[in-house]
Amino acid sequence: IDIADNTVTHCFKGIILQNCLRGRVQSNRIYLTLDNGINLTSVSGTGADGCESIVIAGNVVENAGHHGLACSGGKNNVFRDNVVKASWAAGFNGQHICNCDIVYNQFVGNNWKAHNGYSDTGENYAQVYIAGHDAIDQAATTTYLITVTDNQFVRCGNGSVGSSRLIYIPSEMLAANYPVAARRIIFGSNR
């Protein structure tokens, strides 16, 4: 898969890949969508399937009515060198993920509404929102949940919680619910 140099605008959803294996989504401009800007998703809605080894790089996502970047299920996906501006909810939302890298991105003014583009009030908690632990891959190659490093976060909004949060992981995401290998979160060098 190679999706590059496109403009996606004034539509319900941006770029969506479902259960895809290997590829790149790069150098695209996505703006004024009611839902997610770029979304890697799974048929099951859990970690049992989803995209694997997809690189999302060098894209600009502006004014997504839900999350700028999203990943549901899957493993070994990389989101790097993207600019995500003014997403109504999280700049990045990860559900039922493992071995996911969020590196060298710029997140500006995200999570600025208490609802999303189609009036749902959920998931407007932080710049990076991680949830879901169903059917995460138990293989030996699963070594961490997520890496969030070397990103820039500017003008973080309050979303539906009334205060600015960089990362939010709900309390039901207790470590006991994760496979042992997926209990690591690598977080650092963000500003």
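**Entry 1: strands and helices**

Before counting, I noted that helices here are DSSP runs of H or I with at least four residues, and strands are runs of E with at least two. The model I opened is a predicted one. With that in mind, I looked up the elements of the protein chain and found 19 strands and zero helices.

**Entry 2: overall form**

Next I asked how the radius of gyration of the protein chain fits with a compact globule. For 191 residues, such a globule would have a radius near 16 Å, and the chain has 15 Å, so the two agree. I also looked up the box that the C-alpha atoms fill: along the principal axes it is roughly 40 × 40 × 30 Å.

The accessible surface of the protein chain comes to about 8,000 Å². Carbon and sulfur atoms hold 50% of that surface.

Then I turned to contacts between residues at least 6 apart in sequence, and saw that 63% of them join residues at least 24 apart.

**Entry 3: charges**

The protein chain has 13 positive and 14 negative ones, and their mean positions lie 6 Å apart.

**Entry 4: aromatic rings**

How many aromatic pairs does a search of the whole structure find? I noted six. One that I followed up joins Tyr125 and Tyr129: the ring centres are 5.1 Å apart and the planes stand at 50°, so I wrote this pair down as tilted.

Are these two residues buried or exposed? Tyr129 has 7% relative accessibility, and because buried means under 20%, Tyr129 counts as buried. Tyr125, at 23%, counts as partly exposed.

Tyr125 also pairs with Tyr168. Their ring centres are 5.0 Å apart with the planes at 40°, so this pair is tilted as well. I then looked up where the partners sit: Tyr125 is in the loop between strand 14 (106–108) and strand 15 (128–131), while Tyr168 is in strand 18 (residues 167–168). The pair therefore ties together parts that are 43 residues apart in sequence. Tyr168 has 23% relative accessibility and counts as partly exposed.

How values were computed
Residues are numbered from 1 along each chain as its sequence is written. This is a predicted model: local features need pLDDT of at least 70, side-chain atom pairs count only at pLDDT 80 or more; totals for chains, interfaces and linings use all residues. Side-chain values use heavy atoms; hydrogens and water are left out. The radius of gyration is taken over C-alpha atoms; the globule rule is 2.2 Å times the number of residues to the power 0.38. Contact means heavy atoms within 4.5 Å. Accessible areas come from the Shrake-Rupley method with a 1.4 Å probe; for residues, only the protein chains shown count as cover. Lys and Arg count as positive and Asp and Glu as negative; His and the chain ends are not counted. The place of a charge is taken as NZ of Lys, CZ of Arg, CG of Asp or CD of Glu. Rings of Phe, Tyr and Trp (its six-membered ring) pair if their centres lie within 6.5 Å; planes under 30 degrees apart count as stacked, over 60 as edge-to-face and the rest as tilted. Buried means under 20% relative accessible area, exposed over 50%, partly exposed in between (1.4 Å probe, protein chains only).
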